[in-house]
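The report below takes the ligands in turn.

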Amino acid sequence: MDAGKILQEIAGQVAVCEKCELHFSRKKAVPGEGPAQAEILFIGEGPGFYENEQGRPFVGQAGKFLDELLAKAGLKREDVFITNVVKCRPPGNRDPQPEELLACAGYLDRQIEAIAPRLIVTLGRFSMAKFIPNAKISEVHGQAVWVRGRLVVAMYHPAAALHQPSLKATLEADFVHLPEFVKMAKSKVGLEQAPVVQTETEDSDGAQGAADKEQPTQLSLF
Ligand code: URA
Ligand code: SF4
């Protein structure tokens, strides 16, 4: 099956999914959207009010700011794939719970496999934790690390900058580097240069999946 068909199939399954409690309160599930061949995959936290109404990711205030950030990096929304760690809205925008993250993880894992993005950009701490557990966003934001063969950059969540204006400039500065990271992933130059997150053990118990037991090595390079 080609990537587009796989993504459609996943979207169909997400739309009727009842694997966790979030399905009770959702209006529309939000599988994510973008081209199957996208070079960059953005992973946010979960749908908010407007996303739940429309079934589309990042269409509210945070989404508007995300569009601005993409523009700063010379990117268009149509060129990137945007999704979330949970596909249904947590009531009142509360944090997604470990069992919900675990229940939903398979959809995201299959999306990553189908899209095979050059670069994964995590937005906020829940998607960061999937790849770089125990990291502090204030220490690792904007830096590219290899995780299980994929280049990953953790960013502050755009909504955080709406509440904390000092983060706006940080996010803008971090986004500007995205095209360089894509180039680096393509040339694989960074494989020797960028720090690699070591896999110590595989596990299957945590909400963050196998990433739980991985410790990032020194993260600073760029
Ligand atoms: N915030 C997110 O994390 N995801 C969305 O889709 C919208 C807002
Ligand atoms: Fe299913 Fe994920 Fe929605 Fe839970 S959040 S019901 S696991 S699609």
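## Ligand 2

In which site does ligand 2 sit? In this predicted model, ligand 2 sits in the largest cavity, where a cavity is a set of points, on a 1 Å grid over the protein atoms alone, at which a 1.4 Å probe fits but cannot get out, and sitting there requires that more than half of the molecule's atoms lie within 2 Å of the grid points. Two elements give two or more residues to its shell, helix H2 (22-25) and helix H5 (98-115), and H5 gives the most, with three residues; helices are DSSP runs of H or I with at least four residues.

The residues around ligand 2 (a heavy atom within 4 Å) include Cys17, Cys20, Cys88 and Cys104, and by class the shell holds seven nonpolar, one polar and three charged residues.

## Ligand 1

Ligand 1 sits in the largest pocket, an open set of grid points with protein on both sides within 12 Å along at least five of seven lines. Its shell has two nonpolar, four polar and two charged residues, with Gly counted as polar.

A polar side-chain atom of asparagine 84 lies 2.7 Å from a nitrogen atom of ligand 1, while a backbone N or O atom of glycine 46 is placed 3.0 Å from a nitrogen atom of the ligand. For histidine 157, a polar side-chain atom lies 2.8 Å from an oxygen atom of ligand 1. The protein covers 91% of the 240 Å² of accessible area that ligand 1 has on its own, by the Shrake-Rupley method with a 1.4 Å probe.

## Conventions

Residues are numbered from 1 along each chain as its sequence is written, chains are lettered from A and ligands numbered from 1 in the order in which they are written. Local features need pLDDT of at least 70, side-chain atom pairs count only at pLDDT 80 or more, and totals for chains, interfaces and linings use all residues, while side-chain values use heavy atoms, with hydrogens and water left out.

Definitions and conventions. On a 1 Å grid over the protein atoms alone, a cavity is a set of points where a 1.4 Å probe fits but cannot get out, and a pocket is an open set with protein on both sides within 12 Å along at least five of seven lines; lining residues have an atom within 4 Å of a point. A polar contact is a pair of N or O atoms within 3.5 Å; within protein, one must be able to donate a hydrogen and the other to accept it, and residues adjacent in sequence count only if both atoms are side-chain atoms.
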